[in-house]
Amino acid sequence: MKVLIAAGGTGGHIYPGLAIAEKITAKNPGVEIIFIGSKVGMEKNIIPQYGYPIEYIRVRGFERKASLETLAAIKGIFDGLSDAKKIIKKLQPDLVIGTGGFTAGPLLLIASRRKIKTLIHEQNAYPGKTNLMLGKRVDRVAISFEEARKYFPAAKTFLAGNPVGSEYQQIDRNQLRKKLNLSDTQKMVLIMGGSQGAGSINQSALSLIKLYQTRKDRVIYHLTGKDQYASIKNEVENMSVSSLNNIFIEAYSNEVYKLLGAADLVISRSGAMSVAEIQAVGVPSVLVPYPMAAGNHQEFNARVITDAGGGILIKDQDLTGARLIQIADSLLDNEEKLQTMAQITKQLSISNAGDRICDEINKLMEN
């Protein structure tokens, strides 16, 4: 069986594609999987690291406001359709899977017209534009929240959850903390704003860094996002921090599971995949939804955890350094509270999302 997976743009689309690929490979020895992406997305760097071949189509995302970039994006649609036709003809796939994002649109559209079996996966409660457009055309729609079901045809839609890589479900916390040289008396805080980084979280984190930089019982790992790394690094170096032995600032990590697995608390945006990974590992969280997310879906994602008691929600407009310090301090000083939050978060995970998707793929391929 030959499978094409269109997973491009941001990590929120790429990592579910990788998790689905891992599960299909485990259940179907001999399957050939090829990723389809664009050269303007993160997939060109991430996918090859996992050993999968990748082919590219010319397509790009739309800006929210009309601009010269919008004209380029419109041209990209026609280029993408042309490239998708060539790829389908060359590779002759048995199944085409899309995980949202602008890369998936042309490929899934052409595949459905050619009567090739198709499946899309929607990560959020409020679907993205590409999946909304494709929902009526593809054979199966995998959703991650019941609230998304109303946006797709009932007969082809099923609840799967967000699949995460097996590394998130096989965490050895003691071993990961040992590799980071964390002692039993140290509390580690992971700060991350999704694959693109988050300005408000990055700025508020500076207050936490300044407060904790002299405390031997606190360790911070801060993933700033590539675009904001230089400015945040520069601000930290200019804020009279006397020692950075317990402060680690990186642009991005392809091994977030190692940091999540060792963390006592994570401060994060609430993109669907970030929430799924936090749930899979079972980490207490402070979640700050991206306020401009379509349909405010990041707040919904966050509330799955915070309404159950596994985390604390701070709206972006309410996020300040002082507020972050207040919450982090109160949690890190209360081990019993942290353990309860971790247990609640872990119980919310849909651990067999990949299996559910593979089961539907097998049914689809038998027809």
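User: Where is Gln-92 found?
Analyst: Gln-92 sits in the loop between helix H3 (68–91) and strand S4 (95–98). Keep in mind that this is a predicted model.

User: What's the phi of Gln-92 like?
Analyst: Positive, about 50°, although Gln-92 is not a glycine.

User: Buried or exposed, that Gln-92?
Analyst: Gln-92 is exposed, because its relative accessible area is 54% and the cut-off for exposed is over 50%.

User: And Asn-181, what about its phi?
Analyst: Asn-181 has a positive phi of about 60°, and it is not a glycine. Its place is the loop between helix H6 (173–179) and strand S8 (187–192). Asn-181 is exposed, at a relative accessible area of 66%.

User: Switching to the overall layout. How is the chain divided?
Analyst: Into domain 1, which covers 2–162 + 351–366, and domain 2, which covers 167–348. The C-alpha centres of domain 1 and domain 2 are 29 Å apart.

User: How many residues are in contact between domain 1 and domain 2?
Analyst: On the domain 1 side 19 residues, on the domain 2 side 17 residues.

User: How much area do the two domains bury between them?
Analyst: Domain 1 and domain 2 bury about 1,500 Å² between them, with 57% of it on carbon and sulfur atoms.

User: Which helix gives the largest share of the domain 1 side?
Analyst: Helix H1 (residues 11–27), with 5 residues on the side of domain 1 that touches domain 2. By class, that side of domain 1 has 8 nonpolar, 8 polar and 3 charged residues.

User: How many salt bridges between domain 1 and domain 2?
Analyst: The count is 0. For polar contact, 6 residue pairs are found across the interface of domain 1 and domain 2, both residues at pLDDT 80 or more.

User: What about the structure as a whole, how many salt bridges?
Analyst: The structure holds 18 salt bridges. One of them pairs Asp-355 with Lys-23, where the closest N and O atoms are 3.4 Å apart.

User: How accessible are Asp-355 and Lys-23?
Analyst: Asp-355 is partly exposed, with a relative accessible area of 24%. Lys-23 also counts as partly exposed, at 27%.

User: What does Glu-360 form a salt bridge with?
Analyst: With Arg-140, the closest N and O atoms being 3.2 Å apart. That pair links distant parts of the chain, since Glu-360 is in helix H14 and Arg-140 in strand S6 (residues 140–143), 220 residues apart.

User: Are Glu-360 and Arg-140 buried or exposed?
Analyst: Both Glu-360 and Arg-140 are buried.

User: Which residue does Asp-217 meet in a salt bridge?
Analyst: Arg-218, with an N to O distance of 3.4 Å between the side chains. Salt bridges that share partners join Arg-215, Asp-217, Arg-218 and Asp-333 into one network.

User: How exposed are Asp-217 and Arg-218?
Analyst: Asp-217 is partly exposed, with a relative accessible area of 24%, whereas Arg-218 is buried, with 3%.

User: Different spot. Where is Thr-224?
Analyst: Thr-224 lies in the loop between strand S9 (218–223) and helix H8 (229–237). Thr-224 is buried, at a relative accessible area of 0%.

User: What is Thr-224 in contact with?
Analyst: Leaving aside neighbours within four places in sequence, Thr-224 is in contact with Gly-197, Ala-198, Asn-202, Tyr-229, Ile-232, Ile-249, Glu-250 and Ala-251. For Tyr-229, the backbone nitrogen is 3.5 Å from a polar atom of the Thr-224 side chain.

User: Last one, Gly-311. Which strand is Gly-311 in?
Analyst: Strand S13 (residues 311–313). Gly-311 counts as buried, at 9% relative accessibility.

User: What does Gly-311 touch?
Analyst: Not counting residues up to four places away in sequence, Gly-311 touches Ser-285, Ile-305, Thr-306 and Met-341.

User: And how far apart are the C-alpha atoms of Gly-311 and Leu-265?
Analyst: They are separated by 9.3 Å, with Gly-311 and Leu-265 being 46 residues apart along the chain.

How values were computed. Residues are numbered from 1 along each chain as its sequence is written. This is a predicted model: local features need pLDDT of at least 70, side-chain atom pairs count only at pLDDT 80 or more; totals for chains, interfaces and linings use all residues. Side-chain values use heavy atoms; hydrogens and water are left out. Domain bounds come from an automatic or database domain assignment. Contact means heavy atoms within 4.5 Å. Buried area is the accessible area (1.4 Å probe) that two parts lose on being put together, summed over both. A salt bridge is a side-chain nitrogen of Lys or Arg within 4 Å of a carboxyl oxygen of Asp or Glu. A polar contact is a pair of N or O atoms within 3.5 Å; within protein, one must be able to donate a hydrogen and the other to accept it, and residues adjacent in sequence count only if both atoms are side-chain atoms. Helices (H or I, at least four residues) and strands (E, at least two) are DSSP runs, numbered from the N terminus. Ala, Val, Leu, Ile, Met, Phe, Trp, Tyr, Cys and Pro count as nonpolar, Asp, Glu, Lys and Arg as charged, and the others, Gly among them, as polar. Buried means under 20% relative accessible area, exposed over 50%, partly exposed in between (1.4 Å probe, protein chains only).
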